[in-house]
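Thanks for coming. I will take a few minutes to walk through one model, for those who have not seen it before.

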2 protein chains.
Amino acid sequence: MNSQQTIRLGVIDTDSGFVTVLAKRAEAAGWQLRQTTGAVPPQEMVAMKLNAILIDPAVLGDEAWDYLDRVCGELPDLGVIVCTGRSTVAQRVRGLRLGIDDWITKPCHPEEAMARVESVTRRRRRSRSETEAGPLVAGELEVRPDQFQAFAAGESLDLTRREFELLHLLADSKGQVLERETIYQRVWGYAMAHGDRSVDVFIRKLRQKLEKRSPSWAYIHTHFGVGYRFDPEPAGIVKEEIRAADPAAPEFTDRSQQLHDEVTVNS
Amino acid sequence: MNSQQTIRLGVIDTDSGFVTVLAKRAEAAGWQLRQTTGAVPPQEMVAMKLNAILIDPAVLGDEAWDYLDRVCGELPDLGVIVCTGRSTVAQRVRGLRLGIDDWITKPCHPEEAMARVESVTRRRRRSRSETEAGPLVAGELEVRPDQFQAFAAGESLDLTRREFELLHLLADSKGQVLERETIYQRVWGYAMAHGDRSVDVFIRKLRQKLEKRSPSWAYIHTHFGVGYRFDPEPAGIVKEEIRAADPAAPEFTDRSQQLHDEVTVNS
DNA sequence: CGACCTGTGAAAATCGTGTGAACGCAGGCA
DNA sequence: TGCCTGCGTTCACACGATTTTCACAGGTCG
């Protein structure tokens, strides 16, 4: 879901000069590039999670039209930009009618090629944004961006908007430790003031609501001096030793105590 | 699944030769054309229900960039194709980054121009045409697009046009939370100004009319900080606890209070 | 042990939504 | 033309819901 900026572009071309220059610029812009010098099965492209492909049909020989037709048909969400040497109006029209999104002619400035890829991607994302945003599942938890809400065991956690966005960010980068500054920056949208504890407070609210609906899982882990990490773990892993070493004191099993059990990890 | 739907294209250009030829072909293809020789306010384009515009920025003089920026910003659903005489890479890149969908250079074959317009328009109408047509039923409600009206228990709700369109949009995406911006964008056709409360006001009107004809159902749910969700629910679910905890104050059971009972959910 | 972090509860400040009413515009009608 | 009416837009206020802030308690690390 962090694809706000990053574009994943597949390049199918043998013109190493052009590709090299393009790759340099694209990577400088933070894009992810996948290059090949031959046809790639549509399904593989799905696996690569490409936003768009830039392709010189000359590479494909006779198969070119068939291949383009197949790609456009099978991957309606993929942006397809063709980049050829000389071409006729008839070819371009045929290509565009086939479902190709843009047709550029070499020699072309790599910056323009990139701008066109962006344009195609932008249009794609816009039309797709309604239905996309697949639900995220982690442990007993289900995060549904389309509902701005998370569920456990079918029940809503009743998250407020910020709570949801925080959880969404965390769940999206499962397993990663996020610093407070980073979190604030991404959820609140601007720089965190020194001494601001909002993140901590919201983490607590999230933990409370998570605990309420899904008591047997530990989702949010504290990294002392750093930040937080989302990683669903069935509860009881760390508890075992602690409990085992403390046979008495049954009254400690109340909820406030359980909350403490959210694992705290070093650095 | 070709878009046999007609394309409504706005043309802003003074190059009568080009325009004439284009118009001829476009009309032969069954498109609807609107030509002007000067800037058209974005809102007017909404009224014309254009799918895309083809524009030569030379016509606009110094205002060109501003105008294009404004159009792209306010009408994210409109396809924008620029068609110029000579142009530099820098200009094209700037335009494309601004939000323009395609940039063609004259002289260009009208057939190619049309193919590019189609390409830009393609995705949008695909996703849109699926949900058209058939009457929608939800709870006691029946939404009939053919009548521009909704009915409950056989009686019309007497919706105005905007009310109907809003309800139609909501009912069409039953179960989904729609943000205000999205709603405005889709019903009003252009970007929502900051602080505009029209959506809220129309939601209230809808709720009133729904409540009047179908009192025992809750249809529209508020997601605090996000927007609204349409989901017909028999009334009385959330009410129980609230009412039970408030044995006194009988004068609160008047209608204005009942309206409050439309469930509000966090998000 | 002492300096720092983080968790917690509650008060204070801010923001979002429901609501009634006023305004302006366009079309219908005399 | 001038009045009336229906519709869409805008405004201000009320009332909560949410977010931020604060002070302190409890934990962690060197």
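Residues are numbered from 1 along each chain as its sequence is written, and chains are lettered from A and ligands numbered from 1 in the order in which they are written.

Confidence comes next. pLDDT is the predictor's confidence in each residue, from 0 to 100. For chain A the mean is 86, with 84% of its residues at 70 or more. Residues 238–261 of chain A stay under 50. For that stretch the model has eight contacts beyond four places in sequence, a contact being two residues whose C-beta atoms, placed from the backbone, lie within 7 Å. Where pLDDT is low, the predicted coordinates should not be read in detail.

Now chain A itself. It has ten helices and 13 strands; these are DSSP runs numbered from the N terminus, helices being H or I of at least four residues and strands E of at least two. Of its 267 residues, 29% are buried, meaning that 20 or more other C-beta atoms, placed from the backbone, lie within 10 Å of the residue's own.

How many residues of chain A are in contact with chain B? The count is 28, and they meet 27 residues of chain B. On the chain A side, helix 4 (89–98), helix 5 (110–128) and helix 6 each supply at least two residues. Helix 5 of chain A gives the largest share, ten residues.

Next, DNA strand D. There are 24 residues around it, and A:Thr160, A:Arg162, B:Thr160, B:Arg162 and B:Asn266 come nearest; near here means a C-beta atom, placed from the backbone, within 6 Å. Helix 6 (161–172) and helix 8 (198–213) of chain A, and helix 6 (161–172) and helix 8 (198–213) of chain B, are the elements that give two or more residues to this surface.

Last, a sheet in chain B. Four strands form an open, antiparallel sheet in the order 6-7-8-9, where pairing requires at least two DSSP bridges between strands. Strand 6 (136–138) and strand 9 (155–156) of chain B are the edges. Three bridges join strand 6 of chain B to strand 7 (residues 141–144) of chain B, and B:Leu136 stands opposite B:Val143 in strand 7.

Notes
This is a predicted model: local features need pLDDT of at least 70, side-chain atom pairs count only at pLDDT 80 or more; totals for chains, interfaces and linings use all residues. A residue is buried if 20 or more other C-beta atoms lie within 10 Å of its own, exposed if 12 or fewer, and partly exposed in between; C-beta atoms are placed from the backbone.
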